[in-house]
Structures are given as structure tokens and as C-alpha cells.
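Open your viewer and follow along. Each stop says what to select and what is there.

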Amino acid sequence: MSKNRRKFIKDSLLGSLAFTLGTNIVYAKNIPSGLNILGLGKTPEYQFPGKSNLLTVLNDRPINIETPAHLLNDSLTPNDKFFVRNNGIPPLNIEVDKWELTITGASAKTTKKYSIAELKSNFENVSLNLTLECGGNGRKEFNPPAKGNQWSTGAVGCAKWTGIRLRDVLNDVGVKSNAVYIGYYGSDTHLSGAEDKTPISRGVPIHKALEKESLIVWAMNDQDLPVLNGYPLRLVFGGFPASCSGKWLSKIVIRNKVHDGQKMNGSSYRIPCNPVSPGTKVSAENMCIIESMPVKSLITYPKTGATIKLDQLLPISGHAWTSSNKIVKVEYSIDFGVSWNECNLSNSINRYAWQDFDAKISFPQKGYYEVWANATDSDGKKQPMILPSWNPKGYLNNACHRIAVKVI
Ligand SMILES: Nc1nc2c(c(=O)[nH]1)N[C@H]1C(S)=C(S)[C@@H](COP(=O)(O)O)O[C@H]1N2
Ligand SMILES: [Mo]
């Protein structure tokens, strides 16, 4: 390895360390090779800027942190409780005034560059509540297990996002009639430090890019995006796996074929085109790109393990979401799915926003129960009670969420 190359890798490792510490290492150039710095301990406030230390850390390089169900009880997920799924190392020392978004590609009529100020002033500003869920949320439950972050239920959140419609910018550049897909590039860097590799570059079919809910955003819940959620600019596509919603957005390509960026191919974000039995090896040509997220719900109150007296009613609450128009019903069961009762359900504020539900439950006698929730969407789809069909990478687990309750 050349000296330059070694220096480059060392710099990028130090970059990611500085990011983890939340500050620069002043005498970084003096660190003897082979020495691991002590760091600031496992103090999450320092590790993860802008994130609550109550979140669950699955990995710190790249940073992957999920939100325990009971911390998702708010109608809009607060920024410090919103999950983080990174594939690489976030950019450091971001200069918002110098940030540029380039729109280009074989199916773009021209190439244009925009500053964030231009995006804000040239296009109509819109705010929508949109649910983002990682395609791998719930992976932990699959058997045989799938490799990758072992997400439990917390790679999901719903925020109010403010920005502009992606289609307004695409139309400003001009979309050729042969456009098939858009792909994004962000300014995060590859874990290996290699400059010529992007950690992830995914995208969506052109019809999705042109939907009125597909946004380029700079604000989350009326604040700047947290640095770990893509500050200063990101895409948000409700209803699609969150991997399509590019963070630290610097370039969009309008493609005349399906985008073939990093993590678009192989088994990434793909499932068998037809269901297979657990453990089956599926060849690449029989794997299809995930293009929508399934109907799902989460009980966010009480925390699993709650205790209640027999003469009391147990209040439960949570959220339900879908990639179809809206949720039409949420039901709960206390008898392992044999009988179901309907919950109160809030209206849909806009498509792809999660809807709140609540209920008050009475129990027939003392003992251990599980409360299960099941949502039905406007396509008539419901959640599977135990697990949906197995797939090699453990995507799209929308099984009923369960909490344990002890009645005394
Ligand atoms: N540039 C960039 N965009 C990205 C990613 C990334 O690593 N880099 N991760 C993707 C994945 S896999 C998911 S699930 C979502 C997570 O968004 P969040 O971290 O804001 O919750 O961002 C997506 N966008
Ligand atoms: Mo993801």
C-alpha cells in the first residue's frame, strides 16, 4: 500500500472517530500507529450527536441505533428519538451555504446545480408527516436468521418533514420521456475509506419520484435535520423502504434504466419474487427489488411487561402505517389472536403518515397476557400474526406487535 493511501485511510478513520466523539482530536497527527485512543467512554451523548441516550445501539461503525417501542409514543417522533441507519461515515464539517445539489443523468434534459437557498426560494415549500421504516426492521425475528443489523421493532419513526417536492425540481431540469428511475448520491463516505466507493446509492422508479408526497427536505419537526438523519438535505419517500430516502443528498441522477448504484443489486433490499420456504437459497434473477412497505402497527404504550390490577382498565396506544392510501382499522387481541376488538383510530393527516390508535382493555382474570395489535389498510391487507414469509435478508417483517401484561 502506498504511503498516501495509508495516510488517507488513517485520516478517514480519524474522521469517523472525531465524529463519534462529537469533536476534533486536536493532536490527531501525533497518535502513534497501532494506538487505540481511549475515547470519551460509552457516554451516548458524546457518541451520537443529537440522539437520546435511551435509544438502543446496534452498531457504532457504521452507526445504527433503534428506538424502543415505548419511546415512540408521540404522534410525531422527536428528532432525538428518531432511529439512525448509516451504511458509511457521515460527512464532517458541513458548510450549508456551500452545499450544492446536482441534478443530471441520461434522462435529464440538462444538468443543473442548486444551492439550498435556491431550493428554498425557487420552489413551493411543503410540510408532510411521513413515516420512514428501514426495510430490515424486525429482521431479528426471522429463522433461519438473516445477516445484518438485528433490528427489533424500532427502525421506524414518523416526523413532519419540510422541504420541496422532488418532482418540482426534476421538472425544472426536465425529465425525458424515456426516464425509468432516479438514483441518489450522498456525501457520506465508505467504511473502508476508499474515495471511489459510495456506501449506498439507491433510488425509486420515476412514477414514485413524481408523486406529490416525494420530498427533498431540510427540516424535521420544524428544526434542522439532525446530522445523523442527513443534515443539511435529504430525500424522503413514504411507503418505500427508508433506504431509498438518501441522506446528505448531493446528487440525483435521472436514469433511462433501473438505477444500479451501491445496494441496488445482489440481495440488497430485494426479496424472492415468489415466496420460498425458510432457508432456501435464491438465485439473483429470482430476487425482486422491494418497492413498497407492508401494513404494520406498533403498541407504544404501555411498555412490554406492564402490571395492572384486575379491577382496572389498561389503556393502550400506538400507531399504524401503510404504503396504500390509509389505515382503516386497528384491532387488539388478548387471547393470542383468537378474538379481536377494534381500537379508536385517528384520521390520516396525509398519505404515508402514521395514524394513532388507542383502546382501554379489561381482563377477565388475573394472570399473564399478551396484547397483540393488527392493522388493516385501505387495500384490505392485514398483518400476519406470527411472521410473514421468510426471505434471505430478513426484510419486511410486519408481524403483529406484542406486549406482555401481568394482571394482579
Ligand atoms: N447517504 C445515505 N443515505 C441513506 C443511508 C446511508 O447510509 N447513507 N441509509 C439508508 C437507510 S438503509 C435507511 S433505513 C435510512 C435511515 O434513515 P435515518 O437514519 O434518518 O433514520 O436512510 C437511508 N439513506
Ligand atoms: Mo435501511
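Start with the domains: select 79-289 for domain 1 and 296-407 for domain 2, bounds that come from an automatic or database domain assignment. This is a predicted model, where local features need pLDDT of at least 70, side-chain atom pairs count only at pLDDT 80 or more, and totals for chains, interfaces and linings use all residues. Residues are numbered from 1 along each chain as its sequence is written.

Next, compare the two domains. Their centres, taken over C-alpha atoms, are 28 Å apart. At the interface, 39 residues of domain 1 are in contact (heavy atoms within 4.5 Å) with 22 residues of domain 2.

Now select ligand 1. Which residues of its surroundings are the closest? They are F83, N87, D188, R234 and K247, out of 19 residues that surround ligand 1 (a heavy atom within 4 Å). This shell holds nine nonpolar, six polar (Gly among them as a type) and four charged residues (Asp, Glu, Lys and Arg).

Zoom in on the backbone. A backbone N or O atom of N87 lies 2.7 Å from an oxygen atom of ligand 1. For R85, a backbone N or O atom is 2.9 Å from a ligand 1 oxygen atom. At S245, a backbone N or O atom lies 3.0 Å from a nitrogen atom of ligand 1.

Key:
Chains are lettered from A and ligands numbered from 1 in the order in which they are written. Side-chain values use heavy atoms; hydrogens and water are left out. A polar contact is a pair of N or O atoms within 3.5 Å; within protein, one must be able to donate a hydrogen and the other to accept it, and residues adjacent in sequence count only if both atoms are side-chain atoms.
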